[in-house]
Amino acid sequence: MEPSSSRPKLLDRISALLTREPESRSDLNDMLRAAYARNLFDADALAIMEGALDVSGIQVRDVMIPRAQMEVVSVEDPIEKITEFAILTAHSRFPVIGESKDDILGILLAKDLLRYYAGKEFDLRDMLRPAVFIPESKRLNVLLREFRVSRNHMAIVVDEYGGAAGLVTIEDVLEQIVGDIDDEYDFDEEAGNIIADQTGRYRVKGKTEISAFNHAFDVEFEDEEYDTVGGMIIHLLGRLPKRHEIVEHGGFRFQVLRADSRRIYTLLVERLPAAHTSGA
């Protein structure tokens, strides 16, 4: 068997292909696709390299979680309420606000709540980590470098007037390079498409067929223009949604838990109260 040291390394093989210097990003992308066509690397490697090239052309405003969908806690909230909210949302960090979302006091890490339940001295204001504020126009490659240097995982995005426009996490940036990242909302592939949680809500895979959803919830959503629940949400919005975006339809609230620029992976679904439904 030929020793591995004698085999051309991946970079050597790519370099051999690039016999001339690319004159543009488009030219470089064409060369990478040509290398993929010659089986020098697989589709995942191609997607990562193309994603790494693309981030320099993407601004924070293109991937951020909008202000209206920011999940925050108030500095005046009791610890028990904050803990319940942390459990329901399953996030690891939260912006803490004063009078409004424009008054962000800092970032609370969910793990810091353990001090309170361990009987340790706990003051919410003292536990806050400094918030990082960035403009909407910042490029993702610059932001990723700053995240790495500062070891921050979240930044507050501000508009030209200094108000909070949204937030962005390191996961949002990395997903632009490597695709969707597995997280706490992932399903076991052996599990069903619709799974109830302890709060009475449901984790629903985007690929769940409308007929299966109708059967599970005893409803009659139409399936003439789309086949899946994810397709229905995209149809209602007229576009692909961002993570945490919420749609209310047919007596249900659908919150997008996982999605990328291609499809919806996971939704959090709950029935709306009858009064809310009639009001809507």
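1. Helix α7 is followed by R151, a residue whose phi is positive, near 65 degrees; helices here are DSSP runs of H or I with at least four residues, strands are runs of E with at least two, and both are numbered from the N terminus. The model is a predicted one, in which local features need pLDDT of at least 70 and side-chain atom pairs count only at pLDDT 80 or more, while totals for chains, interfaces and linings use all residues. Residues are numbered from 1 along each chain as its sequence is written, and side-chain values use heavy atoms, with hydrogens and water left out.

2. Within α7 (residues 140-150), L140, L143, L144 and F147 are buried, where buried means under 20% relative accessible area, exposed over 50% and partly exposed in between, with a 1.4 Å probe and protein chains only. They cover an arc of only 100 degrees around the axis, which puts them on the same side of α7; the arc is that of the directions from the helix axis to the C-beta atoms. An α-helix has 3.6 residues a turn, so residues three or four places apart point the same way. The buried residues of α7 pack against β5 (133-135), β6 (154-158), β7 (164-169) and α8 (170-178), contact being heavy atoms within 4.5 Å.

3. An open sheet is formed by 5 strands in the order β8-β9-β12-β11-β10, with antiparallel pairing; two strands pair if DSSP finds at least two bridges between them. Its edge strands, each pairing on one side only, are β8 (194-196) and β10 (246-249). Strand β11 (residues 252-259) is joined to the antiparallel β12 (residues 264-271) by 7 bridges, and F252 has R271 in β12 as its bridge partner.

4. Helix α9 (residues 210-217) lies across β8, β9 (202-205), β11 and β12, and runs at about 30 degrees to β8; axes are lines fitted to C-alpha atoms, for helices over the stretch in contact, and angles run from 0 to 180 degrees between N-to-C directions.

5. The whole structure contains 11 aromatic pairs, counted when ring centres of Phe, Tyr or Trp (its six-membered ring) lie within 6.5 Å, with planes under 30 degrees apart taken as stacked, over 60 as edge-to-face and the rest as tilted. The rings of F213 and F221 have centres 5.7 Å apart and planes at 20 degrees, so this pair is stacked. F213 also forms an edge-to-face pair with F252, at 5.5 Å centre to centre and 65 degrees between the planes. This second pair links distant parts of the chain, since F213 in helix α9 and F252 in strand β11 are 39 residues apart.

6. F213 is buried at a relative accessible area of 0%, and F221 counts as buried at 11%.
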